[in-house]
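I set out to record what I looked up in this structure, entry by entry.

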Amino acid sequence: MGHGNMGKVNPAVLEFEAMVKDKESYIKFIEEWVKHSWRWAKEDKYVTVFKIQASILRAIREYLDSQGFIEALPPIIGPVTDPGIRGAKQATIDFYGHEYKVMSSAILYKQYMAAVLGKVYFVSPNIRLEPNDSVFTGRHLVEFFQVDLEILNGTLDDAMKVAEGLFTYVTRYIKDVHGKDLEKMGRSLPDYKPPFLRYTHAEAVELVNKLGCRNPSNTEILWECEKVLSAYHDAPIFIYQYPKGSRGFYNREDPGKPGYLRDFDMLYPEGFGEAISGGEREYEPIKVIARIRESGEDPNKYRWLLEMLKDFYPLKTAGFGIGVERLTRFICGLRAVWEARPYPKVAGIGPAP
Amino acid sequence: MFEWLALKMGELALRLRASLVTLRGIRDFIDDYPIDEILLKAIKGEEGVYPFGELASYGAAMLGAPINRRGYPRFLTIDDLILVPPAFTPKRLEKMAELLREPVFTDVNLEVDVGGLKSSMPLVVASMGSTDIASRYSIAIAKAAAKEGIPFGIGENVHTVRGYDKRLTRGHPSFKERVMAYLTNMDKYGGVFIQQNVEDAYDEHWNKVYSDKDLEPYIDEGRVAFEIKIGQGAKPGLGGVIRMRREDAVKVREKYHFLEDPLKTNKKTVERYSAPGTYTADILRGMIRLMRTSYPRVKIWVKVGPFRDVLDVIRVAYEEGANAVIIDGKEGGTGMAPSVAMKELGYPTIVGLIKIREARLMGIDDRMSLMIAGRLFNGAHIVKSRALGASAVYAGRPFVVAAMVKGEAGVRNFIRATRVETQMIVSALGKYDIRDVSHEDVASLNKDLATALGIPYVYSREF
């Protein structure tokens with residue numbers, strides 16, 4: 001395990017990259033793909049993909065249930081939703097004269113339900129009206145599912161350990177149950193053995209810069225650089241301790257290291273990129289308010305959350321979210337997430353089923 | 001009987017006076033703002049740089065520098081500085097060697113980078129918001145600014161009050177109309193910068209702009225900036241106040257703070273307050289980082305009012321890689337500000353220039369533009385500001401005045417006249433690129449200003 005296998009990018013990822021080189025013909029392809037999805041969804045390959053996806057969800061539930069998590073039904077709409085979504089827009093609906101949002105993630109409700117149930121997870125649908133250029137990443141869908149979990153009184157390390165355990169369990173399960181299917185698709189998965197490598201954000205930036213991808217030091221890892229980092233490893237890796245400001249307001253600042261967050265991402269190997277985002281949650285109301293202002297918003301908008309944080313003070317939780325389509329893409333070795341959903345919604349392209 | 005008449009006369013006089021008082025906003029503006037100078041340029045274009053009316057024309061005028069000022073200003077202004085051309089002009093010799101003839105003022109290059117956008121000259125159309133006057137003339141100004149190649153701003157609340165693409169109020173262009181009027185008329189210079197205040201954030205204004213397909217090609221080209229607003233010159237520390245029609249107010253009831261619930265009042269208009277927005281160094285830092293993450297393809301500008309800690313704002317913005325900071329001095333224009341705010345809050349524009357000079361000496365290099373705003377409207381203001389470290393002048397009202405008198409053509413005339421004026425002054429200083437202008441080119445008529453800016457005091461032997 002570990003790294004050293006520099007530049008080993010999965011052939012499916014390479015194929016995707018070749019496709020997007022000619023933007024015009026790629027857009028033509030994707031329009032057809034999305035608008036007439038039933039024409040390919042019935043092909044053997046995709047029937048298998050959707051069966052594997054069902055098994056992935058079964059494996060996730062098995063694992064989390066065995067670890068004492070309780071599945072709760074996710075929220076669908078609310079007065080506010082997750083604003084920390086890299087320039088994507090939220091979908092708005094009219095709720096009897098009030099403006100409501102469709103969940104871009106269930107993050108704010110996870111803290112709520114962790115307070116109620118202790119260890120909790122949602123299999124939750126998310127809507128994010130992504131910027132148009134997200135069509136070219138292969139990793140963004142406007143409508144997608146996330147397994148979103150939260151641990152009452154959990155720490156960064158607790159969350160990372162669950163992530164390792166979950167990933168290892170699911171990949172082993174799929175290899176056991178769908179070994180032949182994977183073989184038919186030409187996908188081989190090694191036996192992953194945790195613990196996975198952990199880099200601080202600063203170390204990760206240093207590494208990608210060494211690998212020839214220029215990434216500014218105080219920002220999120222750029223999509224391009226994330227891929228380089230992902231391709232450099234043949235097992236998942238963690239990046240933790242992101243600089244403050246590059247993430248949503250709910251990520252907790254490290255009291256021992258001001259300016260840095262107690263949060264993490266997990267990246268898939270082979271160039272597949274981001275798998276998981278998570279961390280400890282900010283629970284001091286004044287800190288949450290100051291952080292909300294970073295997105296230029298009026299904290300009044302998040303009144304219910306702030307009142308809840310005061311009522312349940314100190315509501316310390318940690319958790320993460322893992323995208324189901326991205327996990328499917330990784331396990332099946334697909335070109336892009338739009339192969340991991342029978343009716344993919346892609347930025348700017350419609351109408352389509 | 002006589003007493004009754006006297007009383008009535010008195011009443012009448014008071015009423016007349018009262019009706020004049022209600023005209024105040026306009027009267028003060030006409031009396032106090034250098035409206036003639038701008039009008040002349042708007043009407044006559046390049047010719048307007050000369051102080052000729054219909055009676056005093058070329059060859060018949062005998063004008064010298066005026067020495068009287070109307071009224072007595074309460075504080076120093078940029079007009080307390082003068083430009084000091086030299087007799088020996090080695091740069092002119094260089095230019096002559098390049099051109100193989102005597103250079104003239106039209107040879108002066110004014111092209112500069114302003115906050116990551118390329119501008120045909122160091123002048124920027126300030127982001128004006130949703131007020132009636134800013135809104136009414138916005139299309140004419142947008143087109144003129146685009147055609148003349150100078151950056152153009154769109155202020156806060158336009159989206160919320162006037163609509164994103166569909167018009168929310170009759171006779172007023174939506175946000176999209178404004179931005180496209182500019183972008184579709186732009187050639188190789190210019191770019192647009194867009195504000196979002198607390199209320200616009202509610203509508204995710206920037207997110208919407210960033211994923212708007214019509215704007216995408218311009219975003220890709222690097223012609224779009226987002227401007228964070230931390231107060232404004234006329235009312236630093238206070239949020240906007242706008243009077244809205246009741247039926248419009250009802251539509252945005254949940255986003256703004258109204259003193260009176262628009263649903264419950266029977267008044268035709270209600271006053272709407274927007275929050276000034278709370279900042280700390282950490283919040284600003286976080287905001288810029290978040291923007292760089294969320295909107296990697298746009299430039300980031302920060303507009304700040306005349307606050308005492310403006311150097312801290314500049315430092316944070318610079319460290320986080322913002323493209324520009326604008327200091328708006330107290331003379332800056334406004335749609336609506338309390339009189340006491342305009343009179344008492346914040347420092348004059350010229351102090352903003354002192355801050356900029358200090359920031360440059362502190363090591364803020366030209367990776368970040370520093371702009372100055374507040375009653376600056378002519379070529380001399382541009383050259384003096386550049387000489388003291390500012391990257392460009394950021395102005396709003398002159399464009400509105402020019403648009404009021406002659407529409408788009410008036411604004412283009414004004415910009416062209418200002419360009420010629422700027423070129424003349426730079427050439428007079430013996431230089432042929434605005435970027436060569438430096439503090440050696442200015443001196444002060446006032447001792448304190450001379451000391452603060454580190455330039456010579458004119459009435460002294462060291463000059």
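**Entry 1. Salt bridges in chain B.** I began with D328(B) and K303(B), whose side chains meet in a salt bridge with an N to O distance of 3.8 Å. I noted that D328(B) sits in strand β12 (residues 324-328) and K303(B) in strand β11 of chain B, so that distant parts of the chain, 25 residues apart, are linked. D328(B) is buried, since its relative accessible area of 5% falls under the 20% limit. K303(B), at 7% relative accessibility, also counts as buried. I record here that the model is a predicted one.

R285(B), R289(B), D312(B), R315(B), E319(B) and E320(B) are joined by them into one network. Over all chains, I find 65 salt bridges in the structure.

Next I looked up E156(B) and K229(B), which form a salt bridge at 3.1 Å, N to O. E156(B) lies in the loop between β5 and α7 of chain B and K229(B) in strand β7 (residues 224-230), so this pair ties together parts that are 73 residues apart in sequence. Both E156(B) and K229(B) are buried.

A further pair is E177(B) with R167(B), where the closest N and O atoms are 2.7 Å apart. Because E177(B) belongs to helix α8 (residues 175-183) of chain B and R167(B) to the loop between α7 and α8, the pair ties together parts ten residues apart in sequence. I list E177(B) as partly exposed at 29% relative accessible area, and R167(B) as partly exposed at 46%.

**Entry 2. Backbone features.** Which residues have a positive phi although they are not glycine? I noted E270(A), with phi of about 65 degrees, and N157(B), with phi of about 70 degrees. E270(A) is placed in the loop between β9 (263-268) and β10 (273-280) of chain A, and it is buried, with a relative accessible area of 7%. N157(B) is found in the loop between β5 (152-154) and α7 (158-162) of chain B; at 2% relative accessibility, N157(B) counts as buried.

I also looked up cis peptide bonds. One joins Y313(A) and P314(A), with omega of about -10 degrees; P314(A) is in the loop between α10 (303-311) and β11 (317-323) of chain A. Another runs from G350(A) to P351(A), with omega near -5 degrees, and P351(A) is in the segment after α11 (324-332) of chain A.

Entry 3. Y112(A) is in helix α5 and counts as partly exposed at 37% relative accessibility.

**Entry 4. Second largest pocket.** I recorded a volume of about 870 Å³ for the second largest pocket. Its lining has 32 residues, and those closest to the centre are D133(A), L222(A), W223(A), E224(A) and P296(B). Two or more lining residues each come from α1 (11-21) and α8 (223-231) of chain A, and from α13 (281-294) and β11 (299-304) of chain B. The largest share, four residues, is from α1(A). By class, the lining divides into 14 nonpolar, seven polar and eleven charged residues.

Conventions
Residues are numbered from 1 along each chain as its sequence is written. Chains are lettered from A and ligands numbered from 1 in the order in which they are written. This is a predicted model: local features need pLDDT of at least 70, side-chain atom pairs count only at pLDDT 80 or more; totals for chains, interfaces and linings use all residues. Side-chain values use heavy atoms; hydrogens and water are left out. Buried means under 20% relative accessible area, exposed over 50%, partly exposed in between (1.4 Å probe, protein chains only). On a 1 Å grid over the protein atoms alone, a cavity is a set of points where a 1.4 Å probe fits but cannot get out, and a pocket is an open set with protein on both sides within 12 Å along at least five of seven lines; lining residues have an atom within 4 Å of a point. Grid points are joined across faces, edges and corners, and a volume is the space filled by probe spheres set on the points. Ala, Val, Leu, Ile, Met, Phe, Trp, Tyr, Cys and Pro count as nonpolar, Asp, Glu, Lys and Arg as charged, and the others, Gly among them, as polar. A salt bridge is a side-chain nitrogen of Lys or Arg within 4 Å of a carboxyl oxygen of Asp or Glu.
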